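Student: I am new to this structure and would like to learn how to read it. Could we take it one feature at a time?

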Amino acid sequence: MSDRNTMHKDGQLFPVPVAAATEIFGGHMICANAAGFAVPGVATAGFTVLGVADGYVDNSTGAAGDTVVVVRRRKSWNFANLGADAVTQAQVGKTCYLADSQTVAKTSNADARPVAGVVLGVDADGVWVLI
């Protein structure tokens, strides 16, 4: 047995191929759809939150994988709080869920919403989420 020079990345920024006919805006949560392509965050069972888009990407006329979006994670982001299912101070340290690409909610809505991340704080600006 010998040492191995194992390649690595920091995992904070990474490219993800974008789904066909998709436009992604910077600063919005990004999900992987069932096929593994990047789409704007939507409350769809089976989608997985990857992080936040680092910039705008337009693949509205392209096929799946024609463009990539750079996704950023391992940061705390401030998102709107869904009034009908609001995250509260009691959720600090617990999981919150994606309601849309800019909004988080307290519950999974019977598993219809993917996990957004961990709540780090709730204030007048919204919910601080570690993704």
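Student: Setting aside neighbours within four places in sequence, which residues is Phe-79 in contact with?

Tutor: This is a predicted model. In it, the contacts of Phe-79 beyond those neighbours are Gly-27, Met-29, Val-52, Ser-101, Gln-102, Val-104, Asp-125, Gly-126, Val-127, Val-129 and Ile-131.

Student: Which residues touch the most other members of the largest nonpolar core?

Tutor: Phe-79 is one of them, along with Met-29, Cys-96, Val-104, Val-129 and Ile-131, in a core of 18 residues. At least two core residues come from each of S3, S5, strand S8 (76-81), strand S9 (95-100), S11 and strand S12 (126-130). There is also a second, separate core of eleven residues, with Val-16, Ile-24, Ile-30 and Val-71 among them.

Student: How should I read a sheet?

Tutor: The strands of a sheet pair through backbone hydrogen bonds, and the pairing is either parallel or antiparallel. Here, five strands form an open sheet in the order S1-S7-S5-S3-S4, and the pairing is antiparallel.

Student: Why is one side of S1 and of S4 left without a neighbour in the sheet?

Tutor: Strand S1 (13-17) and strand S4 (38-40) are at the edges and have a single partner strand each, so one side of each lacks a neighbour in the sheet. On average, neighbouring strands of this sheet are turned by 50 degrees against each other, direction ignored.

Student: How many bridges join S3 and S5?

Tutor: Four bridges join strand S3 (residues 29-32) to strand S5 (residues 48-53), in the antiparallel sense. Within this pairing, Met-29 has Val-52 in S5 as its bridge partner. Val-52 and Met-29 were also both listed as contacts of Phe-79.

Student: What about aromatic rings?

Tutor: A pair of aromatic rings is described by the distance of the centres and the angle of the planes. In this model the count is one aromatic pair. Its members are Phe-25 and Tyr-56, with ring centres 5.3 Å apart and planes at 50 degrees, so the pair is tilted.

Student: Where in the chain are Phe-25 and Tyr-56?

Tutor: Phe-25 sits in the loop between strand S2 (22-24) and S3, while Tyr-56 is in the loop between S5 and strand S6 (57-59). The two are 31 residues apart, and the pair links distant parts of the chain. Phe-25 is partly exposed at 43% relative accessible area, and Tyr-56 is partly exposed at 45%.

Student: How many disulfides does the structure hold?

Tutor: A disulfide is a covalent bond between the sulfur atoms of two cysteines. This structure holds zero. For Cys-31, the nearest cysteine sulfur is that of Cys-96, 12 Å away. That distance is not within 2.5 Å, the cut-off for a disulfide, so Cys-31 is in no disulfide. Cys-96 is likewise in no disulfide.

Student: Which loop holds Asn-109, and what is its phi?

Tutor: Asn-109 is in the loop between strand S10 (103-105) and strand S11 (115-123). Its phi is near 55 degrees, a positive value in a residue other than glycine. Asp-111 lies in the loop between S10 and S11 too, and its phi is also positive, near 70 degrees. Asn-109 is partly exposed at 45% relative accessibility, whereas Asp-111 is exposed at 59%.

Methods
Residues are numbered from 1 along each chain as its sequence is written. This is a predicted model: local features need pLDDT of at least 70, side-chain atom pairs count only at pLDDT 80 or more; totals for chains, interfaces and linings use all residues. Side-chain values use heavy atoms; hydrogens and water are left out. Two strands pair if DSSP finds at least two bridges between them. Axes are lines fitted to C-alpha atoms, for helices over the stretch in contact, and angles run from 0 to 180 degrees between N-to-C directions. Rings of Phe, Tyr and Trp (its six-membered ring) pair if their centres lie within 6.5 Å; planes under 30 degrees apart count as stacked, over 60 as edge-to-face and the rest as tilted. Buried means under 20% relative accessible area, exposed over 50%, partly exposed in between (1.4 Å probe, protein chains only). A nonpolar core is a set of buried Ala, Val, Leu, Ile, Met, Phe, Trp, Tyr and Cys residues joined through side-chain atoms within 4.5 Å. Contact means heavy atoms within 4.5 Å.
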